[in-house]
Amino acid sequence: MTDRVNNIIEEWSGRRPDLDTSTFAVVSRVLRAAHHLQGALDRIAAAYGLSHQGDLDALMELYRADQKRGLTPTELANASLLTAGGMTVRLQRIQKAGLIDRHPNPNDGRGVLVCLTQTGVDLVEHALPTMLNAQAASVVGLSPVERTQLADLLRTLLAHLGDVPPFRPPISVVKDRA
């Protein structure tokens, strides 16, 4: 089986046979796969009236969180690999659509907590199966064993790159400090 990256590697090998292109083979395929996957997710977000797949990601992040607590914009930005400014724009857009509310953070007088509105909850509950079905379709060419192997390899790569979960103290610890 061949892909576009094979052609590129062959061209590099002809031009610079002294170079090891094995890392290029991995990184290029990850980036190209991300591009294709991102396009599919953007189309799903658009089907739900969202301007960007990242809006749907933020809503899903909030859905998974403790709905009573919500998340801070910083927590959402970190989860989405966005700057604070980028997250602010995203939150303004989805708040304007009536999908989230912002409330004062009881543990930080200057901060806010972001929570889903009922409309936001309804959208996520409807969109989640659609998204999961699209993701399943995108990996249909891999066997269950191959999917597990790929997931394990990508987890190792991401951990090496520093993409590890942040420490989140239990809510009771945060409240005890107040």
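Helix axes are lines fitted to C-alpha atoms over the stretch in contact, and the angle between them runs from 0 to 180 degrees between N-to-C directions. The exercises below use a predicted model.

**Exercise 1. At what angle do H1 and H2 pack, and which residues meet?**

Solution. 
1. Helix H1 covers residues 4-15, and its angle with H2 is about 145°.
2. The axes of H1 and H2 lie 10 Å apart, and the crossing of H1 past H2 is right-handed.
3. On the H1 side, the contact is made by Arg4, Val5, Asn6, Ile8 and Ile9. On the H2 side, Phe24, Ala25, Ser28, Arg29 and Arg32 take part.
4. Sorted by type, the residues of this H1-H2 contact are five nonpolar, two polar and three charged.

**Exercise 2. What span should H2 have, and which of its residues are buried?**

Solution. 
1. H2 has 26 residues. The expected span is 1.5 Å times one less than that number, so H2 should span 38 Å.
2. Buried means under 20% relative accessible area. In H2 the buried residues are Ala25, Ser28, Leu41, Ile44 and Ala45.
3. The cover over these buried residues includes H1, H3 and H6.
4. After H2 comes Gly49, with a positive phi near 80°.

**Exercise 3. Which residues have the most contacts inside the largest nonpolar core, and which elements each supply at least two of its residues?**

Solution. 
1. The largest nonpolar core holds 25 residues, and Leu56, Leu59 and Ile100 have the most contacts inside it.
2. At least two core residues come from each of H2 (22-47), H3 (53-64), H4 (73-80), H5 (84-96), strand E2 (108-116) and H6 (118-138).
3. Take Ile100 as the example. Not counting residues up to four places away in sequence, Ile100 touches Leu59, Leu62, Leu91, Ile94, Gln95, Val114, Cys115, Leu116 and Thr117.

**Exercise 4. Is Arg90 buried or exposed? Is Leu81 buried or exposed?**

Solution. 
1. Arg90 lies in helix H5. Its relative accessible area is 9%, so Arg90 is buried.
2. With neighbours within four places in sequence left aside, the contacts of Arg90 are His52, Gly54, Asp55, Ala58, Ser80 and Leu82.
3. Leu81 sits in the loop between H4 and H5. The cut-off for exposed is over 50%; Leu81 has 69% relative accessibility and therefore counts as exposed.
4. Leu81 is not a glycine, yet its phi is positive, about 60°.

Conventions. Residues are numbered from 1 along each chain as its sequence is written. This is a predicted model: local features need pLDDT of at least 70, side-chain atom pairs count only at pLDDT 80 or more; totals for chains, interfaces and linings use all residues. Side-chain values use heavy atoms; hydrogens and water are left out. A nonpolar core is a set of buried Ala, Val, Leu, Ile, Met, Phe, Trp, Tyr and Cys residues joined through side-chain atoms within 4.5 Å. Buried means under 20% relative accessible area, exposed over 50%, partly exposed in between (1.4 Å probe, protein chains only). Helices (H or I, at least four residues) and strands (E, at least two) are DSSP runs, numbered from the N terminus. Contact means heavy atoms within 4.5 Å. A crossing is left-handed if the near helix is turned anticlockwise from the far one by less than a right angle, and right-handed if clockwise. Ala, Val, Leu, Ile, Met, Phe, Trp, Tyr, Cys and Pro count as nonpolar, Asp, Glu, Lys and Arg as charged, and the others, Gly among them, as polar.
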